[in-house]
Amino acid sequence: MLTSKSAARRRFTAWLGAFALAAMLPMSALNAARAASVPVAVAANFTAPAKELAANFQLATGNTLVLSFGASGAFFTQIGQGAPFEIFLSADSVRPKKLVESGLGVQGSEFTYATGKLVLWSATPGLVDNQGKVLSDGKFAHLAIAAPKSAPYGEAAIETMKALNVYDQLQNRIVVGESINQAYQFTASGSAELGFVAYSQVIREKKGSEWLVPQNLYKPITQDAVLLKTGENDPAAQAFLAYLKTPAALKIIRSYGYVTAP
Amino acid sequence: MWPAVALSLELATVTTCVLLLLGVPLAWALARANSWWGEAVSALVALPIVLPPTVIGFYLLILLGPHGPLAPILAHFGLRTLAFSFPGLVIGSVVYSLPFMVQPVRNAFRELGPAPWEAALTLRARPLDAFFAVALPLAQGGIITGTILAFAHTLGEFGVVLMIGGDIPGRTEVLSIVIFNDVDTMQWGQAGVLAAGMALFSFAVVLVTFLAEKRMARLRA
């Protein structure tokens, strides 16, 4: 009885040791990666271009970026709570400004890296007409948007529906994704027949149908970048922001349907 | 805030009722199964405890969606998807909370052993009568525990709802989602009130369960 117990204890200790070792391996790898990399918070609509830009930047400079994607409002809250991002690529200009005002962003570092476009999109070919009439007379059960309070594209979708006087009649058909990426997923999977998504998300999409919402129906989606205080002394973070203004980067950004400053 | 409270309570109530209907017979079958498949099914039932809600949410998205295996049945009722709907949330919650109902009830049935059941059958009770008149009352403690836990667990559900709910006020925007949105948008006052309410309620539920179990144990002794 005693021996079996101590044998069991020995075995348990051995397992524990192996487990601790196994747990430490990836951790040390992670730490090594963290030491030489820049954490960047990226508004969900900018997911695809950000990945391409980061890959090019890494190739050119050897600096690595760690990208996180989510709703701008969620990042804004997280940064306020000390999230260790060094750069914030927001989907609006209000939140970067507020971060600078509250001392979390570096004064004068904000600039507009892209102006986004809203599109009404469906994975079903022919469902969306080129005037958006489907909103008032369409046969659909669900219309996906991003959370209006935390995602600027969601706010723009609400503005558009209000401008078209269809918001009240559509209200009970709206489903809300926590970011524009989830709104896109709801629509692309067909769970929602229609969705207001970012043009950049569907520009490479060959199937489906879309209506590029006229710019006069919603406030321009001016997307600003800001250097955060945590990255103030990081040359790699500054280099990435500088890279975003280069013609090569602007060309990539435009290729996803964004408008950039000339 | 109040519609979300009402919706969460409604979801938890409906889910718990469904779980009583499904989970108790399942627990009974599992308690009496002696073969390896009984353990396999038990393990399957226990999976939601260890699986991340995103895995369950992902499978539910596929299962309930317009290209999923349920789509032909849904089309019959004129529906394309069960995502973004209350019935969809009920299905998700039933899967998610299943182990919290089945495990205590199965354990209660197991503790009973076959003796009371066989005695009833020897006295010529029909199996169904024996189940309702003998097995169920004797396993009362486990059933009460399972009911409370399933209710509380559903009330606190978040990840699955986030993935399949679509955040519709009054239909799929449950309490935990409201707290998530409040935190996201810096409305920490309301988030604080709701979070404190949830914490207090959960504490009360767990405490009551523990006290009830202690009492049951003393009664048995």
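**Exercise 1.** How many salt bridges does a search of the whole structure find over all chains?

*Solution.* The structure is a predicted model. Step 1: the search of the whole structure gives five salt bridges over all chains. Step 2: one salt bridge joins the side chains of A:E159 and A:K219, with 2.9 Å from N to O. Step 3: locate the two partners. A:E159 belongs to helix α6 (residues 152–163) of chain A, while A:K219 lies in the loop between β9 (209–212) and β10 (221–227) of chain A. The two residues are 60 residues apart, and the pair links distant parts of the chain.

**Exercise 2.** Determine how helices α3 and α4 of chain A are oriented and which residues meet.

*Solution.* Step 1: the axes of α3 (residues 72–80) and α4 (residues 94–101) of chain A come within 10 Å and cross at roughly 10°. Step 2: angles under 35 degrees count as roughly parallel. Step 3: α3(A) and α4(A) are therefore roughly parallel to each other. Step 4: from α3(A), the residues A:S72, A:G73, A:F76 and A:I79 meet A:R95, A:K98 and A:L99 of α4(A). Step 5: sorted by class, this contact holds three nonpolar, two polar and two charged residues.

**Exercise 3.** Describe the largest pocket and its lining.

*Solution.* Step 1: the largest pocket holds about 670 Å³ of space. Step 2: its lining has 28 residues, and the closest to the centre are A:P148, A:V176, B:D167, B:P169 and B:E173. Step 3: two or more lining residues come from each of β7 (174–177) of chain A and α1 (2–32) and α10 (175–184) of chain B. The largest share, four residues, is given by α10(B). Step 4: the lining divides into 13 nonpolar, eight polar and seven charged residues.

Note on methods. Residues numbered from 1 in each chain as written. Chains lettered and ligands numbered in written order. Predicted model: local features only at pLDDT ≥ 70, side-chain atom pairs only at ≥ 80, totals over all residues. Heavy atoms only, no water. Axes fitted to C-alpha atoms, helices over the stretch in contact; angles between N-to-C directions. Parallel < 35°, antiparallel > 145°, perpendicular 65-115°, else oblique. Contact = heavy atoms within 4.5 Å. Nonpolar A, V, L, I, M, F, W, Y, C, P; charged D, E, K, R; others polar. 1 Å grid on protein atoms, 1.4 Å probe; cavity = no way out; pocket = protein on both sides within 12 Å on 5 of 7 lines; lining within 4 Å. Points joined across faces, edges and corners; volume = space filled by probe spheres on them. Salt bridge = Lys/Arg side-chain N within 4 Å of Asp/Glu carboxyl O.
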